[in-house]
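Let's take a walk through this protein model together, stopping at a few spots along the way. Have the sequence and the 3D view open as you read.

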Amino acid sequence: MLRFALLFALVLATTSAQAQVEAWRSLNDEATKLWHLGRYADAATAARKALEFAETRLRPDSPPVAGSLNRLADSLRMMGDYAAAEPLLQRALEIRERRLGASHALTGQTLSSLALLRADQGRYAEAEALFKRALDVREEALGADHEMVALSENGLAALYRAQGRYPEAEALLKEVLRKLEAVRGAEHPSVALALNNLARLYSQQKNFAAAEPLYARALAIREKALGAKNPRVAESLVGLASIRLEQARYEESEELYKRAIAIIDDSLEREHPNMAQALSGLAGLYLRDNDPDSAEALWTKALQVREKAYGRDHPLVAETLEDLAAVYGKLGRKEKSAVTAERAARIRASSR
């Protein structure tokens with residue numbers, strides 16, 4: 001009789017634990033859904049609820065806790081809050097390595113998230129090592145053609161692009177695109193991500209004829225799948241605007257930049273790094289249109305955003321300083337131009 005009672009109690013406990021996990025999963029799925037919609041602040045709020053539930057109803061070092069930590073960190077990273085995201089990912093990685101093992105696919109997920117964070121921070125050597133480690137884990141756990149493997153490769157390719165390693169980036173992005181189209185179909189947002197990154201690569205190499213149709217296709221996919229006001233749509237708009245600028249189609253370029261800025265302003269924080277990219281593009285347009293005063297105002301704001309997001313010594317801060325040095329020169333402020341250019345050069349030298 002006692003044995004039966006103990007067995008019955010064990011079954012009840014197991015059933016209760018499974019119910020708690022299912023309840024957590026529902027909360028976490030909501031956070032994931034919001035993240036994919038580009039509603040990162042809402043996703044962070046939902047992830048915090050899922051995290052609180054997991055920490056109080058399950059073990060504080062349980063895999064669901066790590067899952068919520070990862071989702072919360074990913075949301076904060078997309079909002080540009082890198083300082084808050086980092087300790088969450090470190091904790092998630094520690095839990096997953098201890099509870100699931102170093103070769104588990106979910107451990108690979110956290111490694112990939114941490115690699116993306118390091119790349120955003122300009123810590124490229126660390127990011128590359130983490131991406132490669134995540135790739136090894138995911139390939140072993142999921143197979144070489146899995147979507148998650150392709151997404152890690154996509155991040156690594158973006159890193160290569162940022163470092164100017166164009167042939168490596170192009171080869172990898174073409175492979176990523178092949179895998180994602182095979183797994184997800186030609187109209188999935190993941191495919192748009194790869195298209196957008198390949199377009200950025202070609203734009204950096206001034207191959208605008210190759211970049212333009214890729215940006216256009218990525219934009220069409222994102223508008224259809226995610227809605228016209230999704231921040232991912234703004235990324236493609238900025239890319240197309242930069243090409244219109246190079247083509248001297250200034251009115252179209254300005255319209256696209258302003259549309260992107262409105263989306264970012266509505267869906268993200270005004271001091272999000274994506275805002276700096278859009279402001280910088282519009283500033284370049286105004287400088288070409290012989291309006292250096294407007295260009296200076298926009299680049300000054302972009303510099304403030306990037307310094308807050310990345311710190312004072314990030315390569316993107318150097319890029320904005322170089323732009324400001326040029327506009328100061330146009331305005332006849334030679335001393336300020338020289339000082340600003342010197343600061344940019346110091347950052348460039350230290351980041352090599």
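## A hidden threonine

Thr320 has 0% relative accessibility, so it counts as buried (buried means under 20% relative accessible area, exposed means over 50%, and partly exposed is in between, using a 1.4 Å probe and protein chains only). You'll find Thr320 in helix α15 (helices are DSSP runs of H or I with at least four residues, strands are runs of E with at least two, and both are numbered from the N terminus). Before going on, keep in mind that this is a predicted model, where local features need pLDDT of at least 70 and side-chain atom pairs count only at pLDDT 80 or more, while totals for chains, interfaces and linings use all residues. Residues are numbered from 1 along each chain as its sequence is written, and side-chain values use heavy atoms, with hydrogens and water left out.

Which residues does Thr320 touch, if you skip those up to four places away in sequence? They are Trp299, Ala302, Leu303 and Arg306 (contact means heavy atoms within 4.5 Å). Gln304 sits 16 residues from Thr320 in sequence, and their C-alpha atoms are 9.7 Å apart in space.

## Helices α15 and α16

Two packed helices are described by the angle between their axes and the distance between the axes. Helix α15 covers residues 315–330 and helix α16 covers residues 334–350; their axes come within 8 Å and cross at roughly 160 degrees. (Axes are lines fitted to C-alpha atoms, for helices over the stretch in contact, and angles run from 0 to 180 degrees between N-to-C directions.) That angle makes α15 roughly antiparallel to α16 (angles under 35 degrees count as roughly parallel, over 145 as roughly antiparallel, 65 to 115 as roughly perpendicular, and the rest as oblique). The crossing of α15 past α16 is left-handed (the near helix is turned anticlockwise from the far one by less than a right angle; clockwise would be right-handed).

Who meets whom here? On the α15 side, the residues in contact include Leu321, Leu324, Ala325 and Tyr328, and on the α16 side they include Thr340, Ala341, Ala344 and Ile347. Sorted by class, this contact has 10 nonpolar, three polar and five charged residues (Ala, Val, Leu, Ile, Met, Phe, Trp, Tyr, Cys and Pro count as nonpolar, Asp, Glu, Lys and Arg as charged, and the others, Gly among them, as polar).

## Helices α3 and α5

Now hop over to helix α3 (residues 63–78) and helix α5 (residues 105–120). Their axes come within 11 Å and cross at roughly 20 degrees, and α3 and α5 are therefore roughly parallel to each other. Here, too, the crossing is left-handed, with α3 passing α5.

From α3, Asn70, Asp74 and Arg77 take part, meeting Gln109, Thr110, Ser113, Leu116, Leu117 and Asp120 of α5. The class tally for this contact is two nonpolar, four polar and three charged residues.

## Aromatic pairs

How many aromatic pairs does a search of the whole structure find? It turns up two (rings of Phe, Tyr and Trp, taking the six-membered ring of Trp, pair if their centres lie within 6.5 Å; planes under 30 degrees apart count as stacked, over 60 as edge-to-face and the rest as tilted). Trp35 and Tyr40 have ring centres 5.9 Å apart and planes at 65 degrees, so they form an edge-to-face pair. Both Trp35 and Tyr40 are buried.

In the pair of Tyr82 and Tyr310, the ring centres are 5.8 Å apart and the planes are at 20 degrees, so this pair is stacked. It links distant parts of the chain: Tyr82 belongs to helix α4 (residues 82–99) and Tyr310 to helix α14 (residues 292–310), 228 residues apart. Tyr82 and Tyr310 are buried as well.

## Two loop residues

Lys206 isn't a glycine, yet its phi is positive, about 65 degrees. Lys206 sits in the loop between α9 (189–204) and α10 (208–226), and its 56% relative accessibility means that it counts as exposed.

Asn290, another residue other than glycine, has a positive phi near 60 degrees. Its loop lies between α13 (273–288) and α14. With 67% relative accessibility, Asn290 counts as exposed.
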